[in-house]
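Reader: I have a new model open and would like to learn how to read it. Could you walk me through it, one feature at a time?

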Amino acid sequence: MKFDFPNEIEKIDIDVDIPQPVITIEEKHEILLKRFNKINIWIFSVLMASASAFMLFGKRPTVSETENRTLAKFPEFSKEGLLDGSYTDGISEFFNDTVPLRKNFKDMAASLKSYSGLELDGIKVYTINNNPAGSSGNKKPDQSKPAPAETTTPVTSVSGAATEATQITTTVTTPAPIPEDDIGDAGELSNNIMIYKNRGIPIYYGSLANGVEYASIVNEYKAQLGESVNVYSMVCPTAMSFYWPASSDVSHGDEAENLENIKNHLSGVVDVNTIEALRAHRSEPIYSRTDHHWQARGAYYAASVFAEKAGVPYADLSEYEEVSVPGYVGTLYGYSGAAVLNDNPEDFVFYRPRNSYTTRYYTTSFEYQYEGALLVEAYGSALYCTFMGGDEKIVHVETDAPGDRTLFIIKDSYGNALVPFLTGSFKNIYVVDMRYFDLNIISFMKEHNATDLLFAMNTFSATGSNFYNLQNLLYQ
């Protein structure tokens with residue numbers, strides 16, 4: 001017999017309350033921390049990937065305006081370079097030197113640096129010792145330390161390539177009486193540039209021995225040119241001789257002493273010492289605050305001393321057209337990294353001659369290039385290139401000056417600013433940079449009937465190692 005029983009189990013509504021695990025506060029914190037770590041890793045990965053892509057594919061600058069120089073180029077491959085490591089070193093230098101938005105990053109770093117240090121009675125202290133590394137307030141300058149050689153755009157350093165001086169003898173300057181408002185203001189060093197009253201000042205160490213060598217080479221020019229050519233030596237002082245903080249205990253050389261030393265070793269060469277003429281006008285803008293060059297006004301006063309020595313006419317400054325370009329920040333900001341220079345730009349002022357003249361430009365082997373302006377259009381930190389556009393050329397200026405004297409100027413970039421002020425003094429002016437000339441200089445001057453020769457360079461060149469270029473020109 002078959003019986004059908006109802007499935008009563010299916011009709012039972014079973015409601016079971018399953019207990020949930022209890023999470024402690026510590027476990028909740030751990031879970032949140034893991035989530036935050038994952039988010040941080042994700043954000044960091046995205047940022048790193050973006051930064052890497054930016055560094056790899058961002059537009060790389062080719063020129064640094066603040067440092068006034070051409071940046072590193074990607075090296076050409078060679079098997080020798082790969083084996084000796086220079087190829088990979090070149091790649092590393094290229095990527096380090098040409099970071100996209102390079103100037104923005106440098107400006108940011110300079111601004112951040114300006115907030116560092118301790119402020120004590122209005123003086124900002126970055127280090128306890130305010131001297132260059134390895135020196136003390138009672139020591140003379142470290143004579144093994146290179147003195148920068150002078151250059152202009154495109155430039156490679158504050159004063160060009162560093163120079164190694166040998167057998168150097170210098171003295172520390174004797175501090176002048178300190179004005180009351182300067183007491184305690186010793187300035188500050190930034191990358192071995194003195195920053196004082198919104199001015200950058202490259203530190204001069206100098207070399208008496210190198211000054212003697214410079215004088216002997218200049219004497220050799222006189223001996224080879226003979227009595228028919230007047231030879232003059234103008235070694236130009238830098239801003240350090242006029243604006244160095246009297247309270248500073250940073251060791252440095254004495255430009256006045258080195259200029260006197262050179263004068264004492266010249267033979268048959270007329271010394272053109274401009275330091276006193278410039279000191280009489282130190283309250284005027286004769287040197288740039290943000291650049292290692294002098295301003296045109298300083299060159300004007302120096303050129304007046306030379307014109308008097310040479311016995312040539314010389315126009316008053318009022319006879320020139322004054323041109324002022326505001327907002328100038330020169331090379332010293334790029335090399336010091338001092339934000340105060342960038343934050344306090346100056347006017348770049350030059351003077352255009354009103355007399356008639358023609359300016360022709362040639363290659364360094366005297367191949368004609370073009371006829372152009374003596375004062376050219378320049379921009380940014382390269383404004384000093386207003387004077388003939390820079391250094392790497394030979395320039396001939398033919399003027400309406402009275403007489404028939406032909407002046408040769410052998411110079412570094414300090415000499416560039418002198419040229420406009422001599423267009424009323426000499427019928428012909430040939431300008432040769434001692435670093436960029438491929439011919440024998442004596443033959444070249446005789447071929448073009450030189451009557452006068454002026455050596456015009458700053459103290460860094462004459463008492464550094466730049467002067468050896470003068471010797472090379474004699475024998476190439």
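Author: Let's start with a strand. Arg199 and Ile201 point one way from E9, while Gly200 and Pro202 point the other way, and all are buried. Buried means under 20% relative accessible area, exposed over 50% and partly exposed in between, with a 1.4 Å probe and protein chains only. Strands (E, at least two residues) and helices (H or I, at least four) are DSSP runs, numbered from the N terminus.

This is a predicted model, where local features need pLDDT of at least 70 and side-chain atom pairs count only at pLDDT 80 or more, while totals for chains, interfaces and linings use all residues. Residues are numbered from 1 along each chain as its sequence is written, and side-chain values use heavy atoms, leaving out hydrogens and water.

Reader: Which way do the side chains of a regular strand point?

Author: In a regular strand they alternate between the two faces of the sheet. E9 gives you a case to look at, with Arg199 and Ile201 on one side and Gly200 and Pro202 on the other.

Reader: Which strand joins E9, and in what direction do they run?

Author: Strands of a sheet pair through backbone hydrogen bonds, either parallel or antiparallel. Two strands count as paired if DSSP finds at least two bridges between them. Here strand E8 (residues 193–196) is joined to E9 by four bridges, and they run antiparallel. Ile193 stands opposite Pro202 in E9. The two strands form a hairpin with two residues between them, and Lys197 in the turn has a positive phi of about 50 degrees.

Reader: What is the order of the strands in the open sheet?

Author: Eight strands form it, in the order E11-E10-E19-E17-E18-E16-E14-E15, with mixed pairing. Its edge strands are E11 (270–271) and E15, each of which pairs on one side only. E14 (residues 357–362) and E15 (residues 368–372) run antiparallel, joined by four bridges; Tyr361 has Tyr370 as its bridge partner in E15. They form a hairpin with five residues between them, where Phe366 in the turn has a positive phi of about 65 degrees. E14 also pairs with E16 (residues 394–399) in the antiparallel sense, over six bridges, and Tyr362 stands opposite Ile394 in E16.

Reader: How is a pair of aromatic rings described?

Author: By the distance of the centres and the angle of the planes. Rings of Phe, Tyr and Trp (its six-membered ring) pair if their centres lie within 6.5 Å; planes under 30 degrees apart count as stacked, over 60 as edge-to-face and the rest as tilted. This structure holds 27 aromatic pairs. One of them is Tyr204 with Phe460, edge-to-face at 5.6 Å centre to centre and 80 degrees between the planes. Tyr204 lies in the loop between E9 and helix H5 (208–225) and Phe460 in helix H13 (residues 459–462), so the pair ties together parts that are 256 residues apart in sequence. Tyr204 is buried at 1% relative accessible area, and Phe460 is buried at 2%.

Reader: How far apart are the end C-alpha atoms of H5?

Author: They are 26 Å apart, which agrees with the 26 Å that its 18 residues should span at 1.5 Å a residue. The expected span is 1.5 Å times one less than the number of residues. Just after H5, Gly226 takes a positive phi of about 85 degrees.
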